[in-house]
Amino acid sequence: MNAVTLSSPSDVDIVLPCLNEAEALPWVLARVPDGWRALVVDNGSTDGSAGIARALGATVVHEPRRGFGAACHAGLTAADAEVVCFCDCDASLDPSLLVPFVDEIRAGTADLVLGRRRPRARGAWPVHARAGNLALARLLRGRTGLPLHDLGPLRAARRAPLLALGLGDRRSGYPLQMVVRAADAGWRITEHDVPYLPRTGASKVTGTWRGTWQAVRDMSRVLREEPAPVREVRADATVREGSAR
Ligand SMILES: Nc1nc2c(ncn2[C@@H]2O[C@H](COP(=O)(O)OP(=O)(O)OP(=O)(O)O)[C@@H](O)[C@H]2O)c(=O)[nH]1
Ligand SMILES: [Mg+2]
């Protein structure tokens with residue numbers, strides 16, 4: 001016997017943070033493109049999500065520490081494909097929409113590709129959550145100078161440079177911190193419209209005032225961070241010493 005792994009390396013790993021998404025999992029996993037590995041990061045679900053994900057062919061990663069960022073980062077750490085995608089696991093976003101995002105990364109025309117959520121139905125995006133997102137997007141534009149409009153959870157980038165960003169947020173600030181640090185490092189970041197559907201199952205974050213408030217606080221903290229001082233993490237994963245912007 002040798003130590004070579006039996007499973008063939010997948011083209012793309014897609015990280016699906018999951019906290020009690022039993023109802024949404026079949027819809028989400030059915031839309032993961034062929035050849036991609038679905039990494040469902042189970043964040044302490046009590047509704048059987050992990051078993052359902054496994055039965056549907058996904059790889060299940062367990063992350064006991066609560067928090068959206070903790071789940072996303074556990075998925076990134078567990079990934080081994082060259083390109084890693086992220087998508088919520090609540091059936092609000094179709095993972096197959098990531099195919100052109102990955103093409104863009106592979107073509108070398110972008111280093112981080114983001115989905116801009118466009119609600120397709122009433123109730124897909126509660127008014128207070130949308131208002132919070134608008135305000136944060138405005139701050140994000142001010143902070144990065146990039147014409148971005150959303151902190152959407154649908155995204156794609158190369159794995160090694162993502163890890164090299166050294167993201168430390170483990171709660172709602174994680175997706176924002178990813179964009180801010182990538183922008184500071186000079187990554188080319190693009191944004192494309194994606195339909196945003198009403199989630200399946202009970203809302204956890206933005207469907208509640210408390211969750212939204214928490215998210216805004218986490219994100220405000222990220223926006224107050226100083227730009228990474230001396231390390232410039234380039235999108236090709238080389239790390240150069242240099243002066244801060
Ligand atoms: N809130 C939350 N979501 C988690 C956690 N771990 C994993 N997730 C998953 O992260 C994704 C995003 O969370 P959502 O609850 O959809 O957050 P949201 O889209 O802002 O708000 P709602 O859809 O209204 O709940 C979902 O797939 C969750 O199941 C966690 O600790 N907290
Ligand atoms: Mg959601």
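This is a predicted model: local features need pLDDT of at least 70, side-chain atom pairs count only at pLDDT 80 or more; totals for chains, interfaces and linings use all residues.

Visitor: How many residues does helix α5 have, and how far does α5 reach from its first C-alpha to its last?

Guide: Residues are numbered from 1 along each chain as its sequence is written, chains are lettered from A and ligands numbered from 1 in the order in which they are written, and side-chain values use heavy atoms, with hydrogens and water left out. Helices (H or I, at least four residues) and strands (E, at least two) are DSSP runs, numbered from the N terminus. The expected span of a helix is 1.5 Å times one less than its number of residues. Helix α5, residues 127–144, has 18 residues and reaches 25 Å, close to the 26 Å expected. After α5 comes G145, whose phi is positive, near 75°.

Visitor: Which residues of α5 are buried?

Guide: Buried means under 20% relative accessible area, exposed over 50%, and partly exposed in between, with a 1.4 Å probe and protein chains only. An α-helix has 3.6 residues a turn, so residues three or four places apart point the same way. In α5 the buried residues include H128, G132, L136, L140 and R143. Contact means heavy atoms within 4.5 Å. The buried residues of α5 pack against β5 (112–119), α7 (174–184) and α8 (209–224).

Visitor: Which residues have the most contacts inside the largest nonpolar core?

Guide: A nonpolar core is a set of buried Ala, Val, Leu, Ile, Met, Phe, Trp, Tyr and Cys residues joined through side-chain atoms within 4.5 Å. The largest one here has 35 residues, and I14, L16, L29, W36, V40, C85 and L98 have the most contacts inside it. Strand β1 gives the largest share of this core, four residues. Apart from this core lies another, of 34 residues, with A74, L136, L140 and Y174 among them. As for L16, the residues it touches, not counting those up to four places away in sequence, include V28, L29, V40 and C87.

Visitor: How many disulfides does the count come to?

Guide: A disulfide is a pair of cysteine sulfur atoms within 2.5 Å. By this rule the count is zero. For C18, the nearest cysteine sulfur is that of C89, 4.5 Å away. For C87, the nearest is also that of C89, 7.6 Å away. C18 is buried, with a relative accessible area of 1%, and C87 is likewise buried at 1%.

Visitor: Where is S45 placed?

Guide: S45 is in the loop between β2 (36–42) and α2 (49–55). A polar contact is a pair of N or O atoms within 3.5 Å; within protein, one must be able to donate a hydrogen and the other to accept it, and residues adjacent in sequence count only if both atoms are side-chain atoms. The side chain of S45 makes such a contact with the side chain of D42, at 2.5 Å. A polar atom of the S45 side chain also lies 2.8 Å from the backbone nitrogen of N20.
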